[in-house]
Amino acid sequence: MATYQEFIQQNEDRDGVRFSWNLWPSSRLEATRLVVPVSCLFTPLKERPDLPPVQYEPVLCSRANCKAVLNPLCQVDFRAKIWACNFCFQRNPFPPSYAGISEVNQPAELMPQFSTIEYIVQRGPPTPLIFLYVVDTCLEEEDLQALKESLQMSLSLLPPNALVGLITFGRMVQVHELSCEGIAKSYVFRGTKDLSAKQIQEMLGLTKPAASGQQGRPPAPQDAAASCRFLQPVHRVDMNLTDLLGELQRDPWPVPQGKRPLRSTGVALSVAVGLLEGTFPNTGARVMLFIGGPPTQGPGMVVGDELKTPIRSWHDIQKDNARHLKKATKYYEAMANRSAVNGHSIDIYACALDQTGLLEMKCLSNLTGGHIVMGDSFNTSLFKQTFQRVFSKDYNGDFRMAFGSVMEVKTSRELKVCGAIGPCVSLNSKGSCVSENEMGVGGTSQWKVCSLNPSTTLGMYFEVVNQHNAPVPQGGRGVIQFVTQYQHSNTQRRIRVSTIARNWADAQSQIQHIESSFDQEAAAVLMARLGVFRAESEEGPDVLRWLDRQLIRLFMFHLRRSPFLQVFNNSPDESSYYRHHFVRQDLTQSLIMVQPILYSYSFYGPPEPVLLDSSSILPDRILLMDTFFQLVIYHGETIAQWRKAGYQEMAEYENFKQLLQAPLDDAQEILQTRFPMPRYVDTEHGGSQARFLLSKVNPSQTHNNLYAWGQETGAPILTDDVSLQVFMDHLKKLAVSSSA
Amino acid sequence: MNVNQPTPMASPYGQPQPGYGQPGYAPLDGGYPAPYAPYNGPASAYQPGAPPQGYSPFTSFPSKAVAANPVSDLSSPLDLGPARGPPVSGAPPVSAPQPYNQYSHSRGDMQNGPPLMTQAPPRPAVPQSYNQGAVNLSGGHPSYSQHYGPPPSMQQVTNQMTGMQITSGPPTPAGPGYAPPHSSQPPASTAYSAAPPPSYTQAPPPASSAPTQPPPPSGPAASQQYYGGPPPPSQQPFNSSLPPTSQQQFTSSAPPPPASQQTFPPASQQTFPPASQQTFPPASQQTFPPSSYSGPVPPPSQAPAPPVSQPQQPFPPAQPPFSSAPPPVSQPAFVSGPPPPAQGSFPPRAPPPSSQPGSFPPPTSISSGQYPGPMPPHQQPPPSQPPPYLSGPPPSGVQMPPTSMAQSNHLPPGPQGPPGPPGPLQQPQSQPGMQGGYPPQQNGAFGQVRGPQPGYAGPYPGQPNYGAPAPAPAPAPPAQKRLDPDAIPSPIQVIEDDKAKSNEPFTTGVRGQAPPLVTTNFQVKDQGNASPRFIRCTAYNMPCTADMAKQSQVPLAAVIKPLATLPPDESPPYLVDHGESGPIRCNRCKAYMCPYMQFIEGGRRFQCGFCSCVTEVPPHYFQHLDHTGKRVDCYDRPELSLGSYEFLATVDYCKNNKLPQPPAFIFLIDVSYNAVKSGMVNIVCQELKTLLDYLPRENPEMDSVVRVGFVTYNKVLHFYNVKSSLAQPQMLVVSDVSDMFVPLLDGFLVNVNESRLVIESLLDQIPEMFADTRETETVFGPVIQAGLEALKAADCAGKLFVFHTSLPIAEAPGKLKNREDKKLIGTDKEKSLFQPQVGFYNTLAKECVAQGCCVDLFLFPNQYVDVATLGVVPVSTGGSVYKYTYFQAQADKERFLNDLRRDVQKLVGFDAVMRVRTSTGIRATDFFGSFFMSNTTDVELAGLDCDKAITVEFKHDDKLSEETGALMQCAVLYTSCSGQRRLRVHNMAVNCCSQLADLYRNCETDTIINFFSKYAFRGVLSNPTKAVRDTLVNQCAQILACYRKNCASPSSAGQLILPECMKLLPVYLNCVLKSDVLLPGADVSLDDRAYLRQLISCMDVSESHVFFYPRLLPLTKLESGSLPMAVRDSEERLSKGGVYLLETGLHLFLWVGANVQQELLLNIFGTPSFSQIEPSMTNLPVLDNPFSQRLREIIDSFRAQRSRYMKLMVVKQEDRTELIFRHFLVEDKSASGGASYVDFLCHMHKEIRQLLS
């Protein structure tokens, strides 16, 4: 048998899951004692080039409240053509099409290597993808120009039959009609007025005439045309839209001195959501919101237009000084929920030097599976490439995105599902496998994930409900089945089914086995997600305290210091941004976020990972730090001096040139693949940007621990934060005292 | 004669006002003896009223007014008869005159009062003589006959008249003619001086007395009033020239005159009496004349015959009488002329005019008649008919009718006489008028004034005109069966008379001087008071006390048209810049510097003419005074020497203390199904492409600074970005109509030249874009809100042009429901139909006004659209509503486009505030028009264009002094179309009087009607229509009763006596009462009523005049340079063989008689057949013949005169469309139950009598 390490890796590769425990304690009591719950990180659309989808529909258990999918773990009676559901033990006959089934002629879903299998179902007409651009026009000329170019470029990336729409906003909100010739036509909404979806649809002329009490008009033909006016196939309006984007002007309303431009983001989104709701409910669609500043008027406003009142900070929020926070958050939440219900996701591309209100708007993306991208300007490669990467394609030439998926979890009797943490919303489907104990988004066995990509990962939390006095029969296995229905980017509807089984173990007798089955990384990330989830919904310090009580592990030091839990030094927007990504990235990325990776490059050997510690900062090294959001190349003092002196230009110092180049190449590799593209920083000792590095390393040497002074090892960090050493000491003391 | 006349003339003219004042009176006494005499004459003439008895013809009259008149006449005449008798025989001229004068002075009536006494006798006399006509009356007539004796002088006049007519021929002479008339009358001295009263009472004396008597003065005065300046001169000439020219005639005629006069008197008398009586009954005064005529009784013999047949018979008899009797009659007429003088200085004038008019009419008629007359000088006597005419004239008040009467009468004569046709009638009249006519006038001094004028005009110049009308009269005769329509005051006569005497520029320097009528073409010279084009008052002599005002019930109001367009020969108000500190104003009442400010202390301070407060003169404005206390630079500064001028306003006068931005025009076009289908959208868009080059500008050299914007809408609004940098316009749809806003700023309002290409592209595309629309619902409130918001966003004032088709039933603010319910008509709830359905628009209007957003609404309804509600905003913002019901591109395009062009191009001011300041004693209390008021003094107008008039009512709050008169200053602060902030100031001073007679002598009926109509049309908002009508009738009855009681010479209650200046009040009032608003016919929609109601509320006097009393022109003969003389709005005046043009200011009809001559048809339509005329044509075919050319010229000129384009409608007699046409024949009974003129007059008389008793 392979090591757990291999087993875990294998499982992740095949099913996209990583469990915190790979042996499950067989009773509730034992499970509770383990502190870290039975839970997993699940990547529904894990890319499986080796997994061709099957062209038929799954076979379901006939029990009405089960409907589990036939899987390799089921017992099958080939002679009677009957299979037993391994969740409810219902015995089901195979459908007629399975008449030819036999032990040597098994369908794919019964083969063990197909514990994860994808079905293509032919239901209803294929619906095109929909991309609705919502563009802020209160931008600097330069930014707007860059944005326009990016948008125009994106048109060429869309599949020709995809529908596109354009909404621009500033003081007013304009919905552009794309089907018209001659005069460019747009519908305008006042940026200060909250409109119901019905009103919006009426105003856009999308409601059926019957609604307005008019008689005698033929409703049918108009309807189709009406919905099409604002959302048109790319191939048809390509030219029009390119021109339209080209003619986009900055918001023409004058901005008096001392004021912010009036930006009606709230209404713009409301219109976008309303428009899609009315025309393409339950169809995959992306609302792509591009903003260059905070919403300053109308519903969802985050800050007033007076420049003298700055946008809220954590300080304000803690002091309850953020006037608009609650209202705006509530507004965007409501909208996110509406959007999620209809399966439309919302991306936010916020490029501004100051905050743009992501704190309030984050739920738009968090609940709908949309992206959030934060940058300084639309005129940066960070934005441009990230945006381009949204439309990246897989080996089949399909977009790496899926829409409107519904993920359902089924568990065997001993388990119940507590909740999920990730870009999803609850569908409030209360089944027998739903636990009353909620963790994350709970109380349901079905979640809607409006937009998925191959790396989207949800944290799933379970509860062992088996009572101590009802031991699991020997050799019994707990089973979990994930059924994910989604709209593939090629407009097919697909269902992916992953069925996972783990052995039960008696915690009393097999505690070592259980211990060894512990997946430290997965557990760390899962617990971190729980922490973040709590941090989002609770007060920060409480979460830290909770975390401290729950965990004693190395990485937790960094987690405590990470922007996911700490808000110090981060704006509310940044915190939101980081958390957003944390709860959706897969394990590897998540780990990087929690504990950045530090590589050291020197003449003394090949690049090596080093401790994320101030002691690693040495003058003759080049450091490459990857925090997921930032990629920092730090040249040590000596290296920097050499570089300044231009040695790399000299032929005899070719090796130095190569040394300089090495981290750049590595960085480039990371930049190529990561979404969103990280902030790339090339700095050196004493450079202002070196702060990115200094803030991350463990402050083992500070201005406070004098003994470190003067030593040639590392650089002191000017901080009052405790170092890992202190933290550990403290932790040990606590652990002992608490146990006592 | 000449001498006398001249002098008097001069004096009156020179000092018209003063003279009028009291001085005039004094003079009158001295110099006016003659006038008095005339008055007597009139009296006597009136007596003719009595004559009616004698007049068989009168009988007919009586029939109409009979009840009242006859009896009263009888009684009074009888009494009078005796009284006058003496005067006549005695020093009639002198003594009699004096008394007359007094009476006359007092006011026609007032004076008459006494005179009446004297006159009364005459009347009796007349009556006696007239007995024929009105037997009863005749009683008095006998004495008149004597008077008639005097008439001879009149005869001379008549002769002259006749001569004049002959020689002078038509119109042109009119001017001179008029003068002459006066002079002639004077010459008649007999006529004038004596002529009038003297002649009558002292028929013989007249001649002598006439000369001696300065009647001329009266004449002059009269002339002044009527003719304004001209008359005098003419008179002079007359005297001199007359003698010559007229003399020629005179001479020729002169001889006959005497004879004729003698004869005439009778004839005229006879006829007159009857006419007068009849008519008089209405205007008792006039009746007097008749009586006086009757006095002439001599004619009686003749008269008898005439009376009966009046018109026709008169003729024959007339002829005979002519020789003898007729003259008298004419004399009476003259007398009437004189009466004016009697009125006192003022009265005199008025009277003179009236008398003149009276006389004129006669003349005119005479002219025509004269022809006949001339033919047979003696025949003129037929004028005996004139008598009828005269009688007509006599009614002074009624005089007009007399003329018409005359016409009718003439007709007969016409036939007889060579002039036969039109001329005859008038001629006869005029002649009679001259003779008898005048007298009547005198009696009726009041009414006569006008009558005479027309008469005069007629005789001299007018004759020709009359001649034309003559034919029409023919039908009249039948009317005589009841009250002869010709015997009652004729608007046409009054108008023509006024035209005839107004051939010199009207100078505004004289306080209290009534301007020529609105129907008259005249030039104005600003000498310190605002031109009548800017301000017209109901009374130019305000009562000094509130009691008087209350007693008279004459409304004190002014119709102000602050931005009126002036004819090219009058310079627009000068622009004055007082520098940074702004216009100089009184410290206390804030009145602006004006000619009424009195500089004192060597020019260092000035005393306000309004509040008497003394204010320091700012150093930069200081100027020394000359020896008269006037500033040396008085004539260099418009604000010190003119009635109207403008100040450049400083920033203090601007909103938010910021100089205004140039205004903007926003076009909001309905593109719903109906709008597209009717072709409206297409037409508007096409037109705008060219129209945008004609946006208003002050300097024609420069481009207009007005910016434009475009919006289309149905249930939602579409704004357009037409920024010059765009290749294509952009459409911005706003569907959120519940909370309107403007979706864009930059690019919405643009300069036409800069964005021309984009705009043209837009206008090309709009019709295409909506060609297939199926949207039928529209909104309205949000449309205006959109425009308003756009202006707000641009921070400027401006005008919205809304093109709208249907009731706004789409869900939006200001949504309306169809509430058309004809069942409510006539109930107490009827008023609700005029009220807006929802309050939304009132609030919106208020906001619009605050922003200076004026709304012009073009409606194209196919059904009820609730104009009452939709019109609220336009009406409150100084905008206009245009309505094209059942709009069809082909038929209505021209009208719509012309309206649109004019509306877009006309000069307009924005964001205006009007304030009327008055001198202590009166106060502006009420305002009528298209505007908004947020307090009681400031009239706020978001927009004010050159066609909008505001009627202001004044009330006393203290006593006024005769010395200082009453001053008013109307200041309008506005933003010009070039974006300049300005103040336009109009000053007006009127006299004050302590005698009611003065008030009645200086009224303007047209203005009064304008006020009454606006007052009533506002009244229907809060009262049942019937109550409003009753109120109107009551007030008018009170006005007339007050006159009768306090100003008219005592006479039988049965006589209807109308003040000369108000003799048309009944007919016009009837028109108001019959209007669609107050008395709707079954086919009049609620929208039409609401539309008219709103329309009238901002009309000026000339528009309201033609609206209520349409102009009806016979087209049988057209001459270049002059219009055919109008005929009265009655079916009786239409000849089956004729073609008529009727103009109401809103409509234009071409009525074609069934028996029209082929040649006429060929000339007009190019077809020889009546049946081939295409009734749907809206324009006449362009034919290359003089007649067609001239006709089209006339139509074009009519259209040019009015602020709205009149669509031509061809009405064939007995065609279905004739019903519509008939609606505008306002003297007839209307289909909706409106009374005919005659009936209403009787009704009015009854009301008055009730009040008196």
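Contact is taken to mean heavy atoms within 4.5 Å. The model is predicted, so that local features need pLDDT of at least 70 and side-chain atom pairs count only at pLDDT 80 or more, whereas totals for chains, interfaces and linings use all residues. Residues are numbered from 1 along each chain as its sequence is written, chains are lettered from A and ligands numbered from 1 in the order in which they are written, and side-chain values use heavy atoms, with hydrogens and water left out.

Beyond its neighbours within four places in sequence, Ser451(A) is in contact with Arg286(A), Ser345(A), Thr368(A), Gly369(A) and Ala402(A). Ser451(A) lies in strand 19 of chain A, residues 446–452 (strands are DSSP runs of E, at least two residues, and helices runs of H or I, at least four, numbered from the N terminus). The relative accessible area of Ser451(A) is 3%, and the residue is buried (under 20%, 1.4 Å probe, protein chains only).

Between the two chains, 29 residues of chain B and 22 residues of chain A take part in the contact. The buried area is about 2200 Å², with 55% from carbon and sulfur atoms (accessible area, 1.4 Å probe, lost on putting two parts together, summed over both). Two salt bridges are found across this interface (a side-chain nitrogen of Lys or Arg within 4 Å of a carboxyl oxygen of Asp or Glu). Lys193(A) forms a salt bridge with Asp736(B), with the closest N and O atoms 3.0 Å apart.

Strand 11 of chain A (residues 184–190) pairs with strand 15 of chain B in the parallel sense over five bridges (pairing requires at least two DSSP bridges). Tyr187(A) has Val733(B) as its bridge partner in strand 15 of chain B.

Conventions:
Buried < 20%, exposed > 50% of the residue type's maximum accessible area, 1.4 Å probe, protein only.
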